[in-house]
Amino acid sequence: MAATKEYRLLCLENPLLDIQAVGNEALLEKYGLKANDAILAEDKHKGIYEDLLSNYDAKLIAGGAAQNTARGAQYMLPPNSVVYLGGVGDDKYAAILHDAVKQAGLRVEYRVDPVEQTGRCAVVITGHNRSMCTDLGAANHYDLAHLKKPEIWALVENAEAYYIGGYHFTVCPPAILELCNQAAKNNKPLILSLSAPFIAQFFKEPLDATAPYWDYIIGNETEAAAYAESHGLGTTDVKEIAIALANLPKANTQRKRVAIVTQGTEPTIVAVQGEEGVKEYPVHAIDAAKINDTNGAGDAFAGGLCSGIVEGCSLDESINRGQWLASLSIQELGPSYPFPKQTYKPS
């Protein structure tokens, strides 16, 4: 049997060190945070990182949404299947990230910034809610020059699928567009996550510039609603929004676009370009007592989905892989996957 080609999936976004802790309403109030949100840090938030480290039982996790997804895809794929790009600093936090991704078997090719600190994300858990406040640091300085370095571009050309986390729209839209063009030109699937409501609200122009290139677009119900509002779709119906996303104009007509909206414990909604209606996929039910932390469930879903796309699975099977990995992740603390490794069995 021929050896499996290496690094078939290439992911791009913002690597962050997650500083995660169980907090309370007083902590959220102190920094003006909502219980379930994702925002970029302003000056008033900068104290939260040391606050969590000093005054709470903080866990350090190799994060950034697409890095979580990349680790998840690698969890389900053969060794050396996934490579991840992003920017870090030349500091101890980057060293922690390197150690963590090495344990996960994920290859990373970071742009190292000589000045900026590695990005950090404060994750405050209250019950099943989580509030994320991100200081991008060096992740905010990723550039097209790094993507175009011959040794990095060779990985781009070698890859068979691309996953882009929407948070990167705040960093380097030209790098995203470069991958979009590469995907369309070579008929390789491009998977994009909407990532957070503020992306569709405040980064509408760079987001829309990539829309023709989406082969798969993923979002949760809140992100889908934010997209619908910012684009004047005139509906809050998740199914209608999915159909609208699926049927936007498309550059590569060899692939029908697939729009996927996750809804927590409610069924996942899937619309396919040119096809009537939507399909609903019930999530993998687990005992509520086993749910440890929903942080990263969406990232895990995307990782499982990507693994199916890379392996050439059917859409049904790829969705199932995503839901399986998400059900494992929510039983862990943070965007993590169980070890010893569990093996996926096709349904």
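Helices (H or I, at least four residues) and strands (E, at least two) are DSSP runs, numbered from the N terminus. What you have here is a predicted model, where local features need pLDDT of at least 70 and side-chain atom pairs count only at pLDDT 80 or more, while totals for chains, interfaces and linings use all residues. Residues are numbered from 1 along each chain as its sequence is written, and side-chain values use heavy atoms, with hydrogens and water left out.

- The peptide bond from phenylalanine 339 to proline 340 is cis, its omega being near 0°. You'll find proline 340 in the segment after α13 (315–329).
- Tyrosine 7 isn't a glycine, yet its phi is positive, at about 55°. It sits in the segment before β1 (9–12), and with 13% relative accessibility it counts as buried (buried means under 20% relative accessible area, exposed over 50%, partly exposed in between, using a 1.4 Å probe and protein chains only).
- Asparagine 80 is another residue other than glycine with a positive phi, near 60°.

- Strands of a sheet pair through backbone hydrogen bonds, either parallel or antiparallel. Here, two strands pair if DSSP finds at least two bridges between them.
- β7 and β8 pair in the antiparallel sense over 7 bridges; arginine 120 has aspartate 135 in β8 as its bridge partner.
- Contact means heavy atoms within 4.5 Å.

**Helix α2**

- In α2 (residues 48–55), the buried residues are Ile48, Tyr49, Asp51 and Leu52. Seen down the helix axis, they fall within an arc of 165°, so they line one face of α2; the arc is that of the directions from the helix axis to the C-beta atoms.
- These buried residues pack against β2 (16–22), α1 (25–30), β7 (120–126) and β8 (129–135).

**The nine-strand sheet**

- Another open sheet has 9 strands, ordered β6-β5-β1-β9-β10-β11-β12-β13-β14, again with mixed pairing. β6 (107–113) and β14 (279–281) stand at the edges, each with a single partner strand, so one side of each is left without a neighbour in the sheet.
- From one strand to the next, the twist averages 20°.
- β12 and β13 pair in the antiparallel sense over 5 bridges, with alanine 259 opposite alanine 271 in β13.
- Helix α7 (residues 173–185) packs on the sheet, touching β1, β9 (161–165) and β10 (190–193), and its direction makes about 155° with that of β9.

**Glycine 264**

- Glycine 264 is in the loop between β12 (258–263) and β13 (266–272) and is exposed, with a relative accessible area of 59%.
- Not counting residues up to four places away in sequence, glycine 264 touches Glu221 and Val283.

Key
Axes are lines fitted to C-alpha atoms, for helices over the stretch in contact, and angles run from 0 to 180 degrees between N-to-C directions.
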